[in-house]
Structure formats: C-alpha cells, structure tokens
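Please look at the model on the screen while I go through its local geometry, its helix packing and its chain contact.

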Amino acid sequence: MTAISTHIERWERWWTAPAGIAPLVTLRVVIGAMLAFSTARFMALGWVDDHYIRPVFHFAYAGFEWVRPLPAAGLYAVHILLLLSSLAVLLGYRYRLAAVLQFLLFTYTELLDLTYYLNHYYFVSIASALLIVVPAHRAFSLDVWRRPEWALEQVPRWTIVIFQLQLGIVYFYAGIWKINYDWLINALPLRIWLPANDQLPLIGPFLAMKYTPWLFSWAGMLYDATIAGWLLWARTRPVAYLTVILFHTITGLLFQIGVFPLVMMGATLVFFSEKWHARWQDWFRRRVFTNTRQGSARSEIFLLKKTNLPRRWGEKFVRRFVLIALFFHFSFQILFPWRFLLYPGDVFWTEQGYRFAWRVMLMEKAGTATFYVKDGRTGREGTVVNREFLNAHQEKQMAMQPDMILQFARFLEKHYANQGVHEPVVRAEVYVTLNARPSRLLFDPALDLTQVRSTRELFEP
Amino acid sequence: MIKSIFRTAPLLAALLLLFNACDPAGGTDTPNFDRKAMLQDYATNLIRPAYGDLRAKAEALHEAAQTFQSAPSLSALQALQNAWQTTAIVWQYANAYNFGPAGEEGLRKSLAEEIGTFPASSAKIDAAIAAGAWNLNDFNRDARGLPAIEYLIFPAAADDAAILAAFGTTPARGQYLTALTQDLRARAAAVHDAWLGNYAANFVENAGTDAGSSTSQLYNEFVRSFEALKNFKLGLPMGKRPGQTMPAPQLAEAPYSSASLLLLRNHYDAIEGIWRGKNAAGAEGLGFRAYLEKVEGGSALIQSTEAQMAAVRAAFTAVPDSPALSEQITQSPAALDTLYTELQKLTRYLKSDLSSLLGIAITYSSGDGD
C-alpha cells in the first residue's frame with residue numbers, strides 16, 4: 001500500500017511540478033492564428049455557401065444528428081464569431097471565454113456534415129478543447145496587460161505534457177496503421193499519388209521515379225511511429241524538427257489539406273524547451289513593444305514576473321474535475337482507435353471504426369453508388385441522380401462509405417415518399433475500388449436499405 | 001544508434017537514387033506518362049477541331065437562316081433543317097469541354113447550358129415572338145441555342161408548309177430565328193477563338209492532377225457529359241427517374257426533328273473518342289486510355305471498360321434507327337432498356353475507377369479516405 005501511494009505521490013509531484021509557461025503561449029498563438037486564418041480562408045473561398053448552405057442534405061455524425069446547419073445568416077455569424085474568438089485566443093484576450101467559444105463553434109461547424117471529416121479537423125477540435133483547461137493567457141497576453149496581477153511565469157507541468165501526449169498519440173497511431181501489406185510491401189496508395197504529382201517543382205521528377213513510393217511509405221511509417229520520441233529527446237530534437245518541417249511540407253504539397261501542415265509544424269513546437277519558447281517571445285517583445293510610443297512602462301507588463309503559482313489556482317474541485325476529465329479523454333484517445341477490432345471484416349473496406357483513429361491518408365478509395373427507388377405498390381423502379389441532392393464532394397465521400405450510403409438511402413426513402421412514391425424500397429448498387437484494385441460490389445445490391453438498421457447489417461450475409 | 005542512423009541515411013538516400021536512376025524506363029508499373037503530351041493531344045486533336053467544326057457549322061446554319069428569312073421557301077427551309085442537324089451532330093463532339101472559355105463565368109453559364117439546354121420551352125419562345133422582344137443573355141436558357149432553333153424550324157405536329165406559313169405571317173419569328181443562330185454562332189466562335197489563342201497553352205501547362213488542373217477539369221466534364229447522356233438524354237425520357245410514373249418522351253433532346261437517336265449515337269461516339277483520345281475524324285492521340293496503360297491496375301481497368309463499351313455498342317446496334325426515339329420509348333422500349341442498363345454498367349469505370357487509378361483530385365477539399 002505504502003509503495004503504491006509513494007508511487008502516486010511521486011507521479012503527482014512530477015505531474016504538477018512547475019514548468020515555464022512559454023510553450024503554452026506559443027501553442028495559444030499557433031492554434032489561434034491557424035484557426036483564424038483557416039476560418040477566414042474558408043469564408044473567402046465561398047465554402048460556407050458550398051459546404052453548408054447549398055446542399056439540400058447533410059450527413060450526420062452518429063449521436064450528433066441534432067446538430068443541424070443554421071440559416072445562412074446564422075452560419076456566417078458562427079464563422080465570424082469563430083474568427084473573432086480565435087483571434088482573441090491568439091491575443092489572450094478574455095481567454096477562457098474565447099477558448100470555450102473557439103472550441104464550441106469550430107466543433108459545431110465540423111459536426112454539420114460528415115462529408116468533410118478530416119483527422120486534422122478532429123485534432124484541431126481536441127487541441128482547442130485542451131486549450132480551455134490550461135492558463136495559456138497568463139503571460140504575454142492582453143489579459144495580463146489588463147490585469148498585471150494575473151501574470152505567471154510558471155505553470156504545472158501537466159498543462160504542457162497533455163499537448164505532447166496528444167500529439168504523440170496522433171503520430172503514433174498514424175504510424176502503426178501504416179504497418180500493413182499494401183502500404184509497406186505494395187507501396188500503395190503512394191504508388192498512385194506520387195507519380196500523379198510529377199509536375200511539382202523541384203521534387204516532381206523524383207516523385208515519378210520507380211522506387212520513391214517505397215521510400216516514402218517506409219519513411220512515413222517510421223517517421224509517424226517514432227517522431228514523438230525523437231522530439232522528446234533534447235539531443236535529437238533539432239534534427240527531428242527538421243524532419244517535421246520536411247514531412248509536412250511534402251504532404252502539404254501532395255495533398256489538398258489546406259493549412260494543416262502549418263498547424264502540425266506549429267503544434268509540435270510544444271516539444272521544445274521553455275527556454276527556446278521564451279527566447280522567441282522575448283525577441284518578439286523587444287522588437288515590437290520597446291519601439292512603441294507607449295514606451296517601456298507598458299511593455300514591461302508583458303514581461304514575465306517572478307511569481308509562485310497563485311494559491312487560488314488549482315482549487316481542489318476544479319483540479320479534480322480537470323484531472324478526471326483528462327484521464328477519460330486520454331483513455332478514450334488510446335482505446336477508441338482500436339474499436340475496429342470489434343467489427344467483422346476489413347476496416348479499409350467497411351470503414352467501421354475507421355474515423356477518429358488517426359488513420360491519415362492511408363488508402364486510395366473511390367466508388368460509384370447508384371440508388372434505385374421502387375414504388376412498393378406499382379413496382380416501378382427509378383434511378384436516382386445523386387447530384388440532385390448532393391454536391392460533388394458529398395457524392396464522392398458517400399459513394400465509398402457505408403454509413404453515409406445508409407443515411408442517404410433513408411433520406412431518399414423520405415424524400416420520395418413525400419413525392420408520392422408508395423412505400424419506397426431503396427436499394428443501392430455500390431462499386432468501390434480500393435488501392436487500384438478492380439472495383440467490386442460493396443454489399444448486396446438487392447438489399448432493401450430501408451430495412452437495414454445498422455452499417456453492420458450491410459456486411460452480414 | 002541514432003548516430004549510426006544519421007551516418008547511414010545519406011548512404012541509403014544515395015543508393016535509392018541510384019536504384020531509381022539505373023532502372024530502365026520500361027515495365028508496366030513504371031509511371032512515366034507524359035501528361036503534358038496528353039493534354040496537348042486533347043487540345044489540338046480533339047477540343048480545337050471540335051469547336052472549329054461547331055463554329056463552321058453554326059456559321060452555315062446562320063447563313064441558311066438568313067437565306068430562309070429573306071426568301072422563305074420550302075427548299076430554303078429544308079436546307080435550314082439540314083444545317084441545323086449537322087450543327088447538332090458536331091455539337092455532340094464539343095459538349096464535353098465545359099471549362100475554361102466554355103465554363104461558367106459570372107452570369108454566363110457553361111456553353112452546354114447556354115446552347116444546349118433541353119427541352120426548349122415552347123411557351124417562352126412563343127411569348128418572346130408574340131412580344132417581338134427577347135434577351136439572349138438572361139436566365140431563359142431553354143429559349144435559345146440549338147433546342148430553341150429546332151423548335152422553330154421543326155414544330156412537331158406541323159408539316160413544312162405550315163411552318164413556312166407561320167414564318168410568313170409573323171415576321172418576328174424569322175427575326176427571332178436569326179437572332180438565335182447569330183447568338184449560337186457568336187458563342188461557338190468565342191470559345192473556338194480562345195482555344196486558338198492563349199488558352200490552349202495554359203491548358204497544356206496546367207499539367208498537375210490537383211482539383212483545378214486541366215486533367216481534373218477535363219475528366220470531370222467528361223464524366224458529366226457521359227452522365228448527361230445516360231440520365232437526361234435517355235433515362236429521363238424513358239421515365240427512369242424515381243417518382244416518374246410513365247415515360248416522358250417529350251423531355252428527350254431533339255424531339256421535333258426526330259434526330260434524338262442520331263444525336264445520342266454521336267454523343268456516345270464522342271465519349272468513346274475522349275476515352276481513347278480519338279477525334280471525330282478518327283485521328284488518334286494520347287488519351288485517358290493511354291494514361292491508364294502506365295499506372296497500377298490500369299490494364300485491368302482498360303480491359304473491363306472496353307468490354308463494357310463493346311456491350312454498349314451492341315446495345316446501340318440493337319436499337320433500330322426508326323421509328324424515332326420518342327416512339328420507341330412508348331411502343332417498344334426493350335432494346336432501349338438494355339442500352340440504358342449497359343450504359344449504367346459502364347458508369348463506374350469512368351466515374352470512380354478511372355480517377356482513382358490516375359490519382360486525379362476531383363474536388364477541392366480532400367478526404368482522409370482519398
């Protein structure tokens with residue numbers, strides 16, 4: 001008993017030991033800036049309209065069917081508010097409120113339509129949730145400028161470790177899911193994707209070479225599975241970070257993943273020492289603030305003060321609550337990616353347990369889904385033109401993902417029942433190609449999808 | 001250990017480069033397809049001639065319309081009708097390239113929508129003639145282009161003499177007709193000029209596979225054209241849409257001229273031509289098919305696609321040239337049913353297998369499952 005409790009005590013001491021706040025400041029700035037930029041970009045490209053307003057049908061996340069798009073004005077308001085709150089996070093202005101808003105609004109927009117699911121978005125959602133519970137605004141922020149007494153030099157170590165842990169989980173899983181026959185032995189899908197990018201400047205010709213896909217497959221797997229370790233170790237950190245830059249620059253060039261290479265390059269900075277972070281913040285402070293007309297009196301406020309952890313920080317209740325929440329969060333993060341083991345069949349084919357598991361850019365998959373709606377009374381069957389209801393992106397994603405196919409089938413049932421088709425029978429002929437193999441039927445095209453209750457039933461004989 | 005990794009890494013990289021460099025270029029999965037050469041062939045061998053033909057025939061159509069308007073006669077009407085049919089046929093070879101100069105821009109929709117929206121709205125056309133006023137740049141795309149011209153010169157229930165009489169009694173009819181042919185000619189000429197000018201070079205230079213690349217745009221419009229053939233030129237008039245309780249032959253393309261089947265066959269020929277890189281005159285160049293030969297899984301896809309294309313051809317052969325499509329739909333739809341089914345079976349090869357194997361991004365945002 002005593003042995004265990006000393007262990008726990010020792011662990012708790014480590015976990016709450018003081019650490020410099022500078023890495024948190026960097027994270028706050030990186031995530032706030034990236035979300036602000038990506039939200040502005042999203043609006044500028046007209047994607048609010050394309051993604052959320054124009055489509056007549058939206059695919060829901062299981063359990064979040066109640067999250068529906070607001071009317072157009074509401075959606076724009078959400079995006080503008082999101083932009084503002086991420087700017088507030090960046091500047092550390094009314095930070096907790098801003099962080100809560102940033103998390104809720106961003107997650108709301110993500111939950112609107114399953115079509116646009118990306119692991120990167122999921123990561124941003126998690127990172128902004130974690131930002132809520134850490135005091136990232138207690139240095140170098142507008143909040144400290146308003147309330148100098150809030151300034152902190154040190155924070156409990158866990159506030160930084162949770163981000164390292166989260167990133168470690170993301171990379172590690174991204175790495176181990178690459179350990180499969182297609183990826184390592186066949187170099188698929190990279191054998192499809194790399195030569196398709198042979199027009200890229202500088203690296204293009206290299207991508208078109210015969211053995212490059214194998215190099216990239218193995219290097220990608222090793223990189224993802226081990227990078228967190230190299231980043232943790234001070235001796236290898238600089239080189240490891242160089243590979244972070246290289247890796248994400250290449251994936252950014254190859255795939256249409258928007259600002260996320262930058263997000264990862266920024267977020268992995270959290271592995272750097274507090275000194276490193278303090279250095280660039282000091283540099284920035286000197287460059288920007290000592291030159292302002294207000295003079296150094298104001299700029300002093302941004303400087304760190306030697307203070308101990310305030311007594312009120314970590315009131316028992318809050319501390320307990322946060323600790324328990326984090327425990328559940330990380331247990332979930334570690335266990336949930338394995339749920340695919342509970343489903344029959346190949347996870348690449350059925351995609352049951354595929355999402356929320358950090359399976360990133362793992363396969364080249366595409367399908368053609370043709371839906372047939374039969375009038376249960378007259379027996380007359382018609383072929384649905386998907387594009388009448390879905391945009392190109394929705395159709396493309398739906399056509400290979402069984403749960404989305406079922407959702408669309410249920411939508412068609414309702415839609416055509418309203419159009420006067422009696423007791424509609426909906427079936428779908430779905431041909432899917434995976435990693436350049438000839439396309440084949442995803443499930444029995446004779447199944448009446450209105451009678452299928454779960455994705456699992458599609459694959460049971 | 002870490003040191004040894006650093007020490008060996010350059011060596012490994014050098015070895016890899018050596019492997020790559022020494023490997024002879026042959027081999028089925030050596031991806032060394034020249035996409036620029038393919039785009040060049042599409043531009044010079046298919047697209048430019050297709051728009052050139054369209055422009056020339058539209059020119060002739062406009063002249064025939066002017067001749068008919070200034071001196072209406074049965075023979076002038078028949079010459080006009082022939083000119084229309086020739087234009088409608090060459091249009092089938094040009095209707096799949098709705099990007100760049102033929103794409104949407106501001107209020108202008110794609111060329112296919114501006115000159116090819118069917119069925120024509122007889123109500124709108126009659127109203128415009130009655131009012132003696134029309135605007136050929138508004139949203140009423142079903143009151144201009146080839147289908148509207150067809151409606152004017154081949155009204156279904158009337159014979160040629162009645163049409164002649166209608167033009168005789170209402171001068172606005174002739175004016176509307178020439179305004180339409182003039183508009184058609186101008187639109188075709190504008191797109192052709194762009195392809196004669198700088199656009200072709202831009203098209204060839206934009207040789208990536210990302211969304212917005214020439215390959216992606218060409219591919220997307222190719223699939224869209226194929227699906228339009230299946231869904232709107234055949235499926236809809238046959239009553240194949242859910243909720244349709246009977247065939248709707250009046251929704252076919254070219255219902256007045258009885259040219260629906262002829263146009264359908266030519267449209268399909270054009271689709272196969274794009275697949276092979278073969279133009280209307282039969283000259284071959286590099287196309288999607290040649291590209292597939294160079295990628296993983298490509299030969300298997302070529303085989304299954306062409307087997308299915310053969311089935312579609314057989315189904316086309318089984319459909320007689322007469323009676324007209326509308327009549328076959330209502331009286332003897334069996335052969336058409338088979339054709340529709342075979343076209344449906346071809347869809348997946350073109351719509352998802354092809355883009356997946358070639359790694360073409362068909363939309364701007366990327367999914368993890370890509």
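I begin with Ser258(B), which sits in the loop between helix 10 (214-235) and helix 11 (260-276) of chain B. Helices here are DSSP runs of H or I with at least four residues, strands are runs of E with at least two, and both are numbered from the N terminus. This is a predicted model, in which local features need pLDDT of at least 70 and side-chain atom pairs count only at pLDDT 80 or more, while totals for chains, interfaces and linings use all residues. Residues are numbered from 1 along each chain as its sequence is written, and chains are lettered from A and ligands numbered from 1 in the order in which they are written.

Phi of Ser258(B) is near 60 degrees, a positive value in a residue other than glycine. Ser258(B) counts as partly exposed because 17 other C-beta atoms lie within 10 Å. The scale is as follows: with C-beta atoms placed from the backbone, a residue is buried if 20 or more others lie within 10 Å of its own, exposed if 12 or fewer, and partly exposed in between.

Glu351(A) also has a positive phi, near 60 degrees. Is Glu351(A) buried or exposed? Glu351(A) is buried, because it has 23 C-beta neighbours inside 10 Å. Its place is in the loop between helix 18 (347-350) and strand 3 of chain A. Beyond residues up to four places away in sequence, Glu351(A) touches Gln401(A) and Pro402(A); contact here requires C-beta atoms, placed from the backbone, within 7 Å. Met400(A) is 49 residues from Glu351(A) in sequence, yet their C-alpha atoms are 9.0 Å apart.

Two peptide bonds deserve mention. Leu188(A) and Pro189(A) are joined by a cis bond with omega of about 5 degrees, and Pro189(A) lies in the loop between helix 9 (181-184) and helix 10 of chain A. In chain B, the bond from Phe118(B) to Pro119(B) is cis, with omega near -5 degrees; Pro119(B) is placed in the loop between helix 4 and helix 5. As background, most residues other than glycine have a negative phi, and most peptide bonds are trans.

I turn to helix packing. In chain B, the axes of helix 2 (residues 35-70) and helix 3 (residues 74-92) come within 9 Å and cross at roughly 160 degrees. The axes are lines fitted to C-alpha atoms, for helices over the stretch in contact, and angles run from 0 to 180 degrees between N-to-C directions. Helix 2 of chain B is therefore roughly antiparallel to helix 3 of chain B, a term for angles over 145 degrees, where under 35 is roughly parallel, 65 to 115 roughly perpendicular and the rest oblique. The crossing is left-handed, meaning that the near helix is turned anticlockwise from the far one by less than a right angle, with clockwise being right-handed. By class, this contact of helix 2 with helix 3 of chain B has 15 nonpolar, three polar and two charged residues. Ala, Val, Leu, Ile, Met, Phe, Trp, Tyr, Cys and Pro count as nonpolar, Asp, Glu, Lys and Arg as charged, and the others, Gly among them, as polar.

In chain A, the axes of helix 2 (residues 22-44) and helix 4 (residues 72-91) come within 7 Å and cross at roughly 155 degrees. Helix 2 of chain A is thus roughly antiparallel to helix 4 of chain A, and their crossing is left-handed. The residues of this contact divide into 13 nonpolar, four polar and one charged.

Chain B has 15 helices and zero strands, and buried residues make up 48% of its 370 residues. In helix 6 (residues 145-153) of chain B, nine of nine residues are buried. These buried residues pack against helix 3, helix 4 (111-116), helix 5 (122-131), helix 7 (160-169) and helix 8 (171-196) of chain B.

Finally, the contact between the chains takes 54 residues from chain A and 49 residues from chain B. Strand 3 of chain A gives the largest share of the chain A side, six residues. That side divides into 28 nonpolar, 18 polar and eight charged residues.

Methods
Contact = placed C-beta atoms within 7 Å.
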